[in-house]
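Morning, everyone. Please look at the sequence and the model on the screen.

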Amino acid sequence: MNRKRRLKSSLMPAGLCLLLALPFGNPTAQESQLPTIGGAGGGLISGKLESDIGEQVMISIRRSTPRITDPLVYDYLTAIIYRLVPSAPLQDRNLTLTLIDNPGINAFAVPGGIVGVNGGLFLSAATEQQFASVLAHELAHLSQRHFARRMEQQEANAPLAMAGMIAGIILSAATQSDIGIAAIAGSQAMAVQNMLAYSRAHEQEADRVGLDILANAGMDPRGMPEMFEILMRENRLQGNRVPEYLSTHPLTQSRVSDTLNRAEQYPKKTIGDSLEYHLIRSRLQARYTSSPQVAIDTFEAYLEKSNPARSEAIRYGLAVAYLRNNQPEKAINLLQELLEQQPERITFQVTLAEALLGNNQIEEARKLLKSALGRNPGNYPISYQLAETELAAGRGSAAAQLLKDLTRDMPKQEHLWLKLADAEGLARNIVGVHRARAEYDVLMGDLEAAQRQLRQAQEKLSAGSPERQIVTERLAEITRRLNSRRNG
């Protein structure tokens, strides 16, 4: 199926709603009723300022945190968020998604509509309902504008300075290291500690709103208490080492019980998981296993214990493990069998093309993907894998056109701009290389480098040409932003 991309792109670590989990006001009053949505946020912290904070956080994430750029994983995350968003009482539904490449349990939401998850969340959530419950919880934090309201309560006088602190906390949680500690030193660290100390009321509020989001989206609210039980179990198993998620989302047995009681009040329905969730989960299991061979052994053991006729996700995981272990022929055989059963499954098509490319069957991969793209115009995973195939075939111009379409749809995916620069270079379009590199530099927060790239592009274009006019306008915009930064 052709999943629409209506959310802005990116990916981030899962430190579930780091700052959006911050508390405010009277905990007792909050426990008794939900606040008026947006009623307390909008004074000191405007929507524009939240957007600016979010942009600075994303720059820090892009610079410092390994992220998953796998189009299949990202496309699934976009699809599940898109399913939940219509049921979330958000004032601004323009979201930026980011996936952190870390096997730990974590997720977060920060000002500016940024929602991020760790790859490890897929591993810990055994069902799609459990996984969705974490996302619903984060959307609830955003909808209640917890961060803005807490900042207003404290009358913070340097909200933009908070961006570095937020990013530092997220980075520390996501990487399980001290990489972000420098960003939250001194008085800022104390301010964050004070905020987090009051977060239970916000967490309960986000639980309640999140349950409504799940139910209204046609998903099972019982997935939330089930996920909480998983987190509690992880907490007990890890002893003194608290899971990253729980370090920013305090969880008690009473909260688990409260959520379970509330979930049971919704009508009971049998809601099954999508196959796609379990395919993506298997894909990430193969990614995070200690070695490709261990992944192969693990999926083969799973397969022996299951009914082969109902084991698509296991067989798919085994195919991905073969591919990671440089055994594309075995992967091809498995994926062709899966496609015979479900010939329109995009995940199978894209992964088969990936295996064919790994086996140097470039034209076969190209034919498969061109056919799939004809049936699913604009699909991200198909388009990206076809661009990779065109690059492998030395067709730079064809790859560049595909990537231009993708960057138009997802302008905040910096890896797409880098890939576009590669394609333009192969096509010997030097101006295109400079323009793509400039957009990459902007996303990385290096406006000076972007300015240099655009000036070099400008110099190579004839006066009065339409492309020179476009480059000149973009250069002027970047220069204005750079001057504003220097003067501000």
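First, the ground rules. This is a predicted model, in which local features need pLDDT of at least 70, side-chain atom pairs count only at pLDDT 80 or more, and totals for chains, interfaces and linings use all residues. Residues are numbered from 1 along each chain as its sequence is written, and side-chain values use heavy atoms, with hydrogens and water left out.

Now the chain. It has 24 helices and three strands. Both are DSSP runs, numbered from the N terminus: helices are H or I with at least four residues, strands are E with at least two. The chain has 488 residues, and 55% of them count as buried. Buried means under 20% relative accessible area, exposed means over 50%, and partly exposed lies in between, with a 1.4 Å probe and protein chains only.

Next, contacts, meaning heavy atoms within 4.5 Å. Take those between residues at least 6 apart in sequence: 73% join residues at least 24 apart.

On to the site. Which residues does UniProt list under "binding site"? The unreviewed entry gives H137, H141 and E203. They are spread over 67 residues of sequence, yet they cluster in space, with a largest C-alpha distance of 8.4 Å. A caution: UniProt positions are in the numbering used here, feature names are shortened, and annotations may be inferred rather than shown by experiment.

Where do they sit? H141 is in helix α5, residues 128-144. E203 is in helix α9, residues 200-216. Is H141 buried or exposed? H141 counts as buried because its relative accessible area is 0%. E203 is buried too, with a value of 0%.

Now the polar contacts. Each is a pair of N or O atoms within 3.5 Å; within protein, one must be able to donate a hydrogen and the other to accept it, and residues adjacent in sequence count only if both atoms are side-chain atoms. The H141 side chain makes one with the side chain of H137, at 3.0 Å. The E203 side chain makes one with the side chain of H141, at 2.8 Å.

Last, the loops. Most residues other than glycine have a negative phi. N326 has a positive phi, near 55°. N326 lies in the loop between α15 (312-324) and α16 (328-341). N326 counts as exposed because its relative accessible area is 69%. N360 also has a positive phi, near 65°. Its loop runs between α17 (346-358) and α18 (362-375). N360 is exposed, at 62%.
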